[in-house]
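Good morning, and thank you for coming.

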Amino acid sequence: AHQKLQQSEQTLQTIVTGTASVTGEEFFPVLVQNLATALEVPYVLVSEMISHQPKTLKTLAFWAKEQAMAPFVYELPGTPCGAVVDQAGLCSYPAQVQESFPTAAPLKALNADCYVGTPLLDDAQQVMGVLCILSDRPLENEENARAMITIFAARAAAELQRQRVESALQRSY
């Protein structure tokens, strides 16, 4: 147990150090890459709700198998991200996630077996987006993954909110 704790602390330290000095556009790509490395999962994505399309998310950053991928838009219904948004809370499927969401094409495409996702909440506790990890094998340390993703969703939410305020200010000038 002690070794596990040490490993968790090291993981946390790695991500904190990797993302501490980064803000703005750079933040999300750095976050997903650091999270993927730290949690040893091939896929991490952070997405934002599209304001005029409430059932749609657009990726702010998507890390897939050692590389950053182009942004894409995806529909929420029938996906684990949809469950995260509906519940406004963390959803974890440590194995066989495709059986829970048989119609979710992205899960098939990534050959996903596990999924952990949590919402990005604004000050009013409204869902602004989702941070999630996926892997093509069952999740080994679910508790660790849940803890990490919760911490960094808060950081990502703060960053997203900061960016929204900034762009609103720029529009008003």
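Predicted model: local features only at pLDDT ≥ 70, side-chain atom pairs only at ≥ 80, totals over all residues.

**Salt bridges and the core**

Arg155, Glu159, Arg162 and Glu166 are joined in a network of salt bridges, a salt bridge being a side-chain nitrogen of Lys or Arg within 4 Å of a carboxyl oxygen of Asp or Glu. Residues are numbered from 1 along each chain as its sequence is written, and side-chain values use heavy atoms, with hydrogens and water left out.

In Glu159 and Arg162, the closest N and O atoms are 2.8 Å apart. These two residues are three places apart in helix 6, so about one helical turn separates them. Helices here are DSSP runs of H or I with at least four residues, strands are runs of E with at least two, and both are numbered from the N terminus. Arg162 also meets Glu166 in a salt bridge, at 2.8 Å from N to O; this pair lies in helix 6 as well, four residues apart. In general, an α-helix has 3.6 residues a turn, so residues three or four places apart point the same way.

How buried or exposed are these side chains? Glu159 is buried, at 3% relative accessibility, whereas Arg162 is partly exposed at 31% and Glu166 is partly exposed at 39%. Buried means under 20% relative accessible area, exposed means over 50%, and partly exposed lies in between, with a 1.4 Å probe and protein chains only.

The search of the whole structure finds six salt bridges. One of them joins the side chains of Glu48 and Arg164, at 3.0 Å from N to O. This pair links distant parts of the chain, since Glu48 belongs to strand 1 and Arg164 to helix 6, 116 residues apart. Glu48 is buried, with a relative accessible area of 17%, while Arg164 is partly exposed at 33%.

Helix 6 itself deserves a moment. At 1.5 Å a residue, its 31 residues should span 45 Å, and its end C-alpha atoms are 44 Å apart, which agrees; the expected span is 1.5 Å times one less than the number of residues. Its buried residues include Met148, Ile149, Phe152 and Leu160.

The largest nonpolar core has 27 residues, and Val44, Leu120, Leu131 and Ile133 have the most contacts inside it. Such a core is a set of buried Ala, Val, Leu, Ile, Met, Phe, Trp, Tyr and Cys residues joined through side-chain atoms within 4.5 Å. Which element gives the most to this core? Helix 6 does, with eight residues. Apart from this core lies another, of 25 residues, among them Tyr43, Ala83, Val127 and Val130. Beyond its neighbours within four places in sequence, Val44 is in contact (heavy atoms within 4.5 Å) with residues including Val32, Leu35, Phe62 and Trp63.

Finally, the chain as a whole. The protein chain comes to six helices and seven strands, and of its 173 residues, 47% count as buried. Among contacts with a separation of 6 or more, 52% come from residues 24 or more positions apart.
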